[in-house]
Amino acid sequence: MKENTRITVLGAGSWGTALAVLLARNHHDVQLWAYNADTANAIQTTRRNSRYLPDTVLPDNLIVTGNFESAVNFAQVVLLAVPSQAFSETLKQAVANITPNTSIIWATKGLDPETGLLLHQVVANSVFSQTPVAVVSGPSFAKEVAAGLPTAITIASPNSSHAEEMADLFRNPQFRVYTSKDVVGVQLGGAIKNILAIATGAADGLGFGTNTRAALMTRGLTEMMRFGIQLGGKKETFMGLTGLGDIILTCTDDQSRNRQLGLGIGRGFPIQDVVSDIAQEIEGIPTTKTVFHLAQQHAIDMPITEQVYKVLYEQASPKDAVNSLLSRLPKAETLE
């Protein structure tokens, strides 16, 4: 697809807005759908998303709307950037208003919290058999994308030519896009890194230092690979942008909402207070629960995920959780 592709982005949070801005700057005709009609009207009128990206002026060819049906009907490509718990329902509504040839691409980083399915499985259960699909993921903060700072991501699709076609929509001199066929690995890397960001944030909040952070990040990568490979992902994917790259980003920079959550918990603040202060979606919370239960079902050793789960859902002490990880019996450094 070339310039002037009609693209609708579903979800006017920080990430959806940033992607819509990027695509509009690439000379596509873009509509951004916001769930709340008043919010949509305010963004359209002021040309700014004052809540999520107040410093970014929207391009003229980006239209913000609260009319879901017209936004989806407009599109050749529908890009979902909604939270994971809203993904399935939003997708179903979108499919009811598109043709079978409309491309579906998603930038949601998580799993379906109701079913435990990966999002490509949710998509496969909902779209037409001939609908082209792809997922976008990688180390990218919305604020920096909207500011036009250099960024690299990955787009994965079962169809290599479609992945390349979708990648071309996003590419510009500041935004580099790689392609992959490993839809499973790309999704799981983007989801599990949020769990690791909570863990490293908690350790930093406790004052445990950079040595501890490095240990958690490294062993977290091993944990991600162990889980991802068993579910069908490829080892090399987790060593790339959507695995290691995203771990580095979210575990070390305070722009990460998941890291912010961990920092607050480590400093002794109640979880609900930290969540309220962040006031944005924190995907690592539902992802931790889903991945923890999937790991139990598949008998996959996920010690970091287990401890984060205990802190989030069983009121375990963050200090005890980190100490539990660091006091595990030593063994050979392998994936097993």
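Ile 105 has Ala 134 as its bridge partner in β6, with helices (H or I, at least four residues) and strands (E, at least two) taken as DSSP runs numbered from the N terminus. The model is predicted, so local features need pLDDT of at least 70 and side-chain atom pairs count only at pLDDT 80 or more, while totals for chains, interfaces and linings use all residues. Residues are numbered from 1 along each chain as its sequence is written, and side-chain values use heavy atoms, with hydrogens and water left out.

The pairing of β5 with β6 is parallel and runs over three bridges; two strands are said to pair if DSSP finds at least two bridges between them. Five of the five residues of β6 are buried, so this strand is largely enclosed by the rest of the structure. Buried here means under 20% relative accessible area, exposed means over 50%, and partly exposed lies in between (1.4 Å probe, protein chains only). From β6, Val 133, Val 135 and Ser 137 point one way, and Ala 134 and Val 136 point the other way.

Both strands belong to an open sheet of eight strands with mixed pairing, in the order β3-β2-β1-β4-β5-β6-β7-β8. From one strand to the next, the twist averages 25°. Strands of a sheet pair through backbone hydrogen bonds, either parallel or antiparallel. Strands β1 (residues 6–10) and β4 (residues 77–80) take the parallel sense, with four bridges; Thr 8 has Val 78 as its bridge partner in β4. Helix α7 (residues 160–170) packs on the sheet, touching β1, β4, β5 (103–106), β6 (133–137), β7 (151–156) and β8, and its direction makes about 170° with that of β8. Helix α8 (residues 183–205) also packs on the sheet, where it touches β5, β6, β7 and β8. The direction of α8 makes about 35° with that of β6. For these angles, axes are lines fitted to C-alpha atoms, for helices over the stretch in contact, and values run from 0 to 180 degrees between N-to-C directions. Contact means heavy atoms within 4.5 Å.

Thr 5 is buried, with a relative accessible area of 4%. Leaving aside neighbours within four places in sequence, Thr 5 is in contact with His 28, Asp 29, Gln 76, Val 77 and Leu 169. His 27 lies in the loop between α1 (14–25) and β2 (29–33) and counts as partly exposed at 46% relative accessibility. The phi of His 27 is positive, about 75°, although the residue is not a glycine. Most residues other than glycine have a negative phi, and most peptide bonds are trans.

Attention now turns to the helices. In α11 (residues 241–252), the buried residues are Thr 242, Gly 243, Gly 245, Asp 246, Ile 247, Leu 249, Thr 250 and Cys 251. These pack against β6, β7, α8, α9 (209–230), α10 (235–238) and α12. Helix α12 (residues 257–266) holds Gln 260, which counts as partly exposed at 29% relative accessibility. Not counting residues up to four places away in sequence, Gln 260 touches Asp 254, Gln 255, Val 274 and Ile 278. The side chain of Gln 260 reaches the backbone oxygen of Asp 254 at 2.9 Å. Gln 260 and Gly 205 are 55 residues apart in sequence, with their C-alpha atoms 9.2 Å apart in space.

Helix α15 (residues 303–313) is largely enclosed by the rest of the structure, because eight of its 11 residues are buried. Among them are Pro 303, Ile 304, Val 308 and Val 311. Their cover includes α8, α9, α12, α13 (271–278), α14 (284–297) and α16 (318–326). In the loop between α15 and α16, Gln 315 is exposed, with a relative accessible area of 66%. Its phi is positive, near 55°.The structure holds two cavities of 30 Å³ or more. On a 1 Å grid over the protein atoms alone, a cavity is a set of points where a 1.4 Å probe fits but cannot get out, and lining residues have an atom within 4 Å of a point. Grid points are joined across faces, edges and corners, and a volume is the space filled by probe spheres set on the points. The largest cavity has a volume of about 110 Å³. Of its 13 lining residues, Ala 199, Ala 202, Val 308, Val 311 and Ala 321 are the closest to its centre. Helices α8, α12, α15 and α16 each supply at least two residues of this lining.

Technical notes. Polar contact = N/O pair within 3.5 Å; in protein donor to acceptor, adjacent residues only side chain to side chain. 1 Å grid on protein atoms, 1.4 Å probe; cavity = no way out; pocket = protein on both sides within 12 Å on 5 of 7 lines; lining within 4 Å.
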